[in-house]
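Subject: Structure handover

Hello,

Here is the structure for you to take over. Please open it first, then read the notes below.

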Amino acid sequence: MQAGIIGLGLIGGSLGLALKEIGMFKRIIGLDNNPLHLQQALSLGLVDEGAELEEIKLCDVIFLATPVEAILQLLPSLVGIAPHCTIIDLGSTKHLISKSVPLEIRKNFVCAHPMSGTENFGPKAAFKELLPHHILVLTDLEQSGELQVAMAKEIFVALKMNIIKMDSKSHDNHAAFISHLPHIISYALANTVLSQQNPNDILALAGGGFKSMVRIAKSSSRMWCDISKQNREELLKSLDFFQKEIHFAQTLIQEEKWDELEKWMAKANSLYEIF
């Protein structure tokens, strides 16, 4: 079989390396609208060859690893693929993408989200260990063809990913809390310090805790703006919950209710018992 990857950044590039390891595909070709990224991907061996969209459409499996807004723009141009072809999108939002797939190729389409990533982006950030042993969410499988679902599962099992199935609305709700909200918080914390009069003096004191909190603020602003746009409603809900907790903590501190503040913090400790 032949695989095509559209988008050769962290996710697409890491996928290319991982697919080479499992040996399921005879050839892996790639497409990226950034010529430099394509050149880097080829020199790093992330894919075997570069290709145009029409050649990608002839592949047995097509992976969409672009920012989520670009996935929406790509969908109409994928009409006309072979009936047996499997298209797998790897976007961080699922509901809007799922309902935007043209009817002609809906059976060909499998909505997936690998719950893995780093704060780095671009082809140079790719590494083959990014995906294995991480969670892979498959959504709205009842709208996908049996052949395509079986193909997607075979690939992700071969990649040693832990598959979870759910509907796309539930995915977007859950992802807002455990992925999208933390990024907004990290950006907000970084900008809070940067807005101070002497941010360099403040950052001179930064230790592991602060660096851990702002690590993901280094992530691609374009990608996360796209995600925020597509998952706007669920992200706003999660931000409302977060603001209530911040306001509660602020009230306890203002009113010097230290025992209650300690109980509030202890409650948060229990999160790791669930993990």
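A crossing of two helices is left-handed if the near helix is turned anticlockwise from the far one by less than a right angle, and right-handed if clockwise. Helices here are DSSP runs of H or I with at least four residues, strands are E runs of at least two, and numbering starts at the N terminus.

Two notes on the source. This is a predicted model: local features need pLDDT of at least 70, side-chain atom pairs count only at pLDDT 80 or more, and totals for chains, interfaces and linings use all residues. Residues are numbered from 1 along each chain as its sequence is written, and side-chain values use heavy atoms, with hydrogens and water left out.

Helix packing

Two packed helices are described by the angle between their axes and the distance between the axes. Axes are lines fitted to C-alpha atoms, for helices over the stretch in contact, and angles run from 0 to 180 degrees between N-to-C directions. Under 35 degrees counts as roughly parallel, over 145 as roughly antiparallel, 65 to 115 as roughly perpendicular, and the rest as oblique.

Start with α11 and helix α12 (residues 258-269). Their axes are 8 Å apart, at an angle of about 150 degrees. That makes α11 roughly antiparallel to α12. The crossing of α11 and α12 is left-handed. Which residues meet? From α11 come Glu 245, Phe 248, Ala 249, Leu 252 and Ile 253; from α12 come Trp 258, Glu 260, Leu 261 and Trp 264. Contact here means heavy atoms within 4.5 Å. This contact of α11 with α12 has seven nonpolar residues, no polar and two charged. For those classes, Ala, Val, Leu, Ile, Met, Phe, Trp, Tyr, Cys and Pro are nonpolar, Asp, Glu, Lys and Arg are charged, and the others, Gly among them, are polar.

Now helix α7 (residues 168-194) and helix α10 (residues 221-230). Their axes come within 11 Å and cross at roughly 125 degrees. α7 and α10 are therefore oblique to each other. Their crossing is left-handed. Ser 179, His 180, His 183, Ile 184 and Tyr 187 in α7 touch Ser 221, Trp 224, Ile 227 and Ser 228 in α10. The contact of α7 with α10 counts four nonpolar residues, five polar and no charged.

Salt bridges

Side chains of opposite charge can pair when their charged atoms come close. A salt bridge needs a side-chain nitrogen of Lys or Arg within 4 Å of a carboxyl oxygen of Asp or Glu. How many are there by this rule? The count is ten salt bridges.

Glu 21 pairs with Lys 128, with the closest N and O atoms 3.6 Å apart. Glu 21 is in helix α1 (residues 10-22) and Lys 128 in the loop between β6 (109-114) and β7 (135-139), so the pair ties together parts 107 residues apart in sequence. Glu 21 is exposed, at 55% relative accessible area, and Lys 128 is partly exposed, at 37%. The cut-offs: buried is under 20%, exposed over 50%, partly exposed in between (1.4 Å probe, protein chains only).

Glu 234 and Lys 237 also form a salt bridge (3.5 Å, N to O). Both lie in helix α11 (residues 232-254), three residues apart, about one turn of the helix. Glu 234 is buried at 15%; Lys 237 is partly exposed at 43%.

Arg 27 and Glu 49 form another, with the closest N and O atoms 2.8 Å apart. Arg 27 lies in strand β2 (residues 27-31) and Glu 49 in strand β3 (residues 49-50), so the pair links parts 22 residues apart in sequence. Salt bridges with shared partners join Arg 27, Glu 49 and Glu 55 into one network.

Best wishes
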